[in-house]
Amino acid sequence: MAGQFSSCVEYGLGLSKRILYGKEAVPSPSAMSRSSSRSRPSEQGYLPEAPMVYAAVSDPEIVDNPDIPSYQPYVYGRCEPPALIPLHMHGVALEIESYLDTAFVTVTGNWRVHCISTGKKCDCRVAVPMGEKGSLLGVEVDVAGSSYRTQLITTEGQPDSRKVAKDAYFLKRHIYTFKVPQVEGGSFISLKIRWSQKLLYHDGKFCLTVPFNFPAYVNPVGNKITKGEKISLSVNMGADAEVLCQTTSHPLKVVRRQSGRLNFSYEAQVAAWSSADFSFSFTVNTKDVYGGVFLQSPTLRDFDDREMFCFYLIPRNSQTWKVFKKEVIFIIDISGSMAGDPLENAKSAVLASLSNLNQEDTFNIIAFNGEVRVFSSSMELATNEALLKAKNWVSAELIADGGTNILLPLRQAMKLLAKTADTIPFIFLITDGAVEDEREICNMMKGYLTSGGSICPRISTFGIGLYCNHYFLQMLAQIGRGYYDAAYDGASIDYRVQRLFTRASSVTLANITVDAFEHLDSLELFPSNMLDLSSGSPLIISGRYEGSFPPSIKVSGTLADMSNFAIDLKVQRSKDFPLDRVLAKRHIDMLTAHAWLLGSKELEEKVSKMSNLTGVPSEYTSMTLKQTDKGNKALELTRTQEVYKKVIQRTKSVSNSQNDIILGSLGVGFGNLAATVENKAPASEEAKPSDVAEVLVKAASTCCTRLLDRICCMCFIRTCTHVNNQCAIFLTQLCTALCCCECLNCCFELFS
């Protein structure tokens with residue numbers, strides 16, 4: 001899908017060369033292509049790196065300057081799939097609110113349909129790339145007297161909404177695209193896009209990167225057109241310490257500085273739009289571990305009347321704290337579906353991670369498909385000789401083949417780590433598949449770890465592609481007091497596995513307890529088990545409670561030298577800290593994992609209610625784009641629910657709900673057992689659903705379109721004037737036969 005999108009944009013840029021802008025307004029040749037400094041594989045060469053809007057052109061005849069018609073020669077044929085012409089952007093504003101490890105991003109912009117003749121209309125496609133673990137929260141579209149707003153609706157009891165939505169899909173897991181129907185040439189499109197994403201923590205710094213890299217071809221043509229660019233950033237860490245800016249990609253100006261807070265702004269008239277992602281890093285000026293507890297009462301609309309809390313602990317910047325000795329086991333999926341880049345990148349990541357172990361640490365490697373292969377019968381010290389031996393073993397033994405059985409290697413790993421003493425054992429599971437006994441695995445590991453005490457293995461999980469059950473992996477990590485991460489494309493596997501290893505294994509404070517938790521009337525924790533504090537990640541524990549917190553709490557734990565550690569943290573009510581927004585995505589994901597494990601309809605309904613209340617998508621809600629009259633509010637949610645059910649029941653009755661566009665579910669699903677059994681390669685993007693009628697029309701027109709696209713119009717007309725009747729009849733019959741063959745081939749593909 002990403003490759004097709006990129007090809008459509010490339011063709012659209014070629015098609016836009018038909019547009020004449022006048023003598024004083026001529027786009028430079030460099031504006032029509034990517035610069036050499038940003039060259040990448042052709043599949044991703046034209047994928048958006050900032051919010052973009054494209055004109056989807058099926059009929060090349062309508063491509064022209066809406067202000068100055070150029071009366072170009074007629075173009076025969078149609079574009080299937082439609083060519084995508086990037087629209088010129090006339091203004092953009094970026095607003096970021098950062099709280100702890102979560103950032104809320106709002107992009108507002110104006111685009112003009114500069115490439116479609118006046119009086120003609122075309123669909124426009126919006127593409128939204130998001131940052132680290134981005135989640136789309138909402139879109140508002142205003143165009144030519146109409147407005148569109150996204151709404152979340154419950155999909156309980158309905159078929160998978162991914163099969164219903166045809167106008168919206170993921171190009172990559174971080175790039176979402178949807179259609180705005182029938183926009184007139186020359187009109188302006190105003191967009192307001194909101195999403196949330198995570199901040200990364202590295203070497204004591206919080207780092208934020210937001211896609212804000214606009215290509216040159218979205219710059220409006222003309223010297224008199226002003227281009228206003230605006231950025232605002234607010235950082236709220238909730239700590240009684242100074243927030244210090246470390247690096248920034250754009251020239252920000254400090255407008256407000258308070259304890260634990262920092263506000264920036266930037267506004268300018270620019271010659272060209274931003275050509276780099278917005279990046280920002282900061283630290284909190286403290287020499288020791290810092291943290292606190294935020295409390296918030298439920299809102300009036302909240303269906304849960306329990307109080308909300310968030311306990312956070314940020315590791316110290318200095319290197320004086322030692323890291324616990326480690327016993328590490330990597331469990332690597334080598335089933336047939338891992339063949340090629342997924343397995344090679346996973347092997348590279350494992351060997352790179354092991355090379356960072358200290359010589360007193362121990363390690364082992366378990367490879368699995370339908371069977372289990374173990375590097376060593378016992379744990380090996382991480383000496384240079386042992387690491388070289390492991391590298392040779394990985395190269396020789398880790399060959400992709402066979403099925404997937406996750407239970408066997410987990411049992412083997414637990415046996416190898418059964419005699420742990422003064423170290424912390426770690427298990428890292430890497431897989432791209434789903435298995436039938438996932439619930440049994442979770443229950444079995446829960447039994448193992450409950451009886452293992454404080455030094456039971458920490459289990460971290462890593463999913464590759466869309467076919468594995470990411471909620472099973474999240475649940476297993478919660479049970480194992482570890483971390484979870486995923487890669488949806490092969491290129492990011494190496495980096496993300498190493499990052500997960502650093503985050504999970506750099507433990508500086510273990511067996512953490514909070515005294516106030518024991519005195520509450522009731523307590524629900526997310527995650528359900530207390531994690532360790534790592535030098536590579538802040539510790540954030542949240543949830544709901546009944547009772548009362550004291551003015552301060554005492555946090556205790558064990559350091560790497562086996563000495564005890566304790567710190568008192570302040571408890572405060574969150575005033576300018578929107579705890580419900582910050583925790584919404586975290587709670588929804590963890591509750592979804594519990595709902596999957598227990599098969600609980602009650603929990604599913606709870607997740608659905610939370611999703612609708614907070615505006616955060618979930619597996620049990622679907623997003624719709626609702627058209628309303630400009631200035632009026634969208635219809636009530638119950639009305640939208642009714643419309644959605646009708647669309648599900650009658651997929652052909654589009655005319656009865658023309659004002660609604662079903663964007664579908666934005667979740668990752670619960671794995672694909674059939675794809676795992678068939679050893680399909682990990683999917684990184686969703687297949688765009690297509691209508692049968694659309695496929696037939698495309699098949700019928702493909703042959704003639706290809707022929708006409710390759711013949712010069714004037715030459716073809718001159719040739720036809722010299723063709724006799726018999727030859728004309730023959731050519732007509734030949735074209736008809738070719739069309740019929742293409743239709744038959746299409747029918748075979750549809751019904752086979």
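Which Phe and Tyr residues form one aromatic cluster? Tyr-99, Phe-104, Phe-294, Tyr-312 and Phe-577 do. This is a predicted model, in which local features need pLDDT of at least 70, side-chain atom pairs count only at pLDDT 80 or more, and totals for chains, interfaces and linings use all residues. Residues are numbered from 1 along each chain as its sequence is written, and side-chain values use heavy atoms, with hydrogens and water left out.

**Chain**

- The chain has 14 helices and 34 strands, taken as DSSP runs (helices H or I, at least four residues; strands E, at least two) and numbered from the N terminus.
- Of the 752 residues, 54% are buried (buried is under 20% relative accessible area, exposed over 50%, partly exposed in between; 1.4 Å probe, protein chains only).

**Aromatic pairs**

- The count is 27 aromatic pairs (ring centres of Phe, Tyr and Trp, the last by its six-membered ring, within 6.5 Å; planes under 30 degrees apart are stacked, over 60 edge-to-face, the rest tilted).
- Phe-294 and Tyr-312 are stacked, at 5.7 Å centre to centre with 20 degrees between the planes.
- Phe-294 lies in strand E18 (residues 290-296) and Tyr-312 in strand E19 (residues 307-314), 18 residues apart; both residues are buried.
- Tyr-471 and Phe-670 are tilted, at 5.1 Å centre to centre with 35 degrees between the planes.
- Tyr-471 belongs to helix H6 (residues 470-479), while Phe-670, 199 residues apart from it, sits in the loop between strand E34 (660-664) and helix H11 (673-677).
- Tyr-471 is buried at 6% relative accessible area, whereas Phe-670 is partly exposed at 30%.
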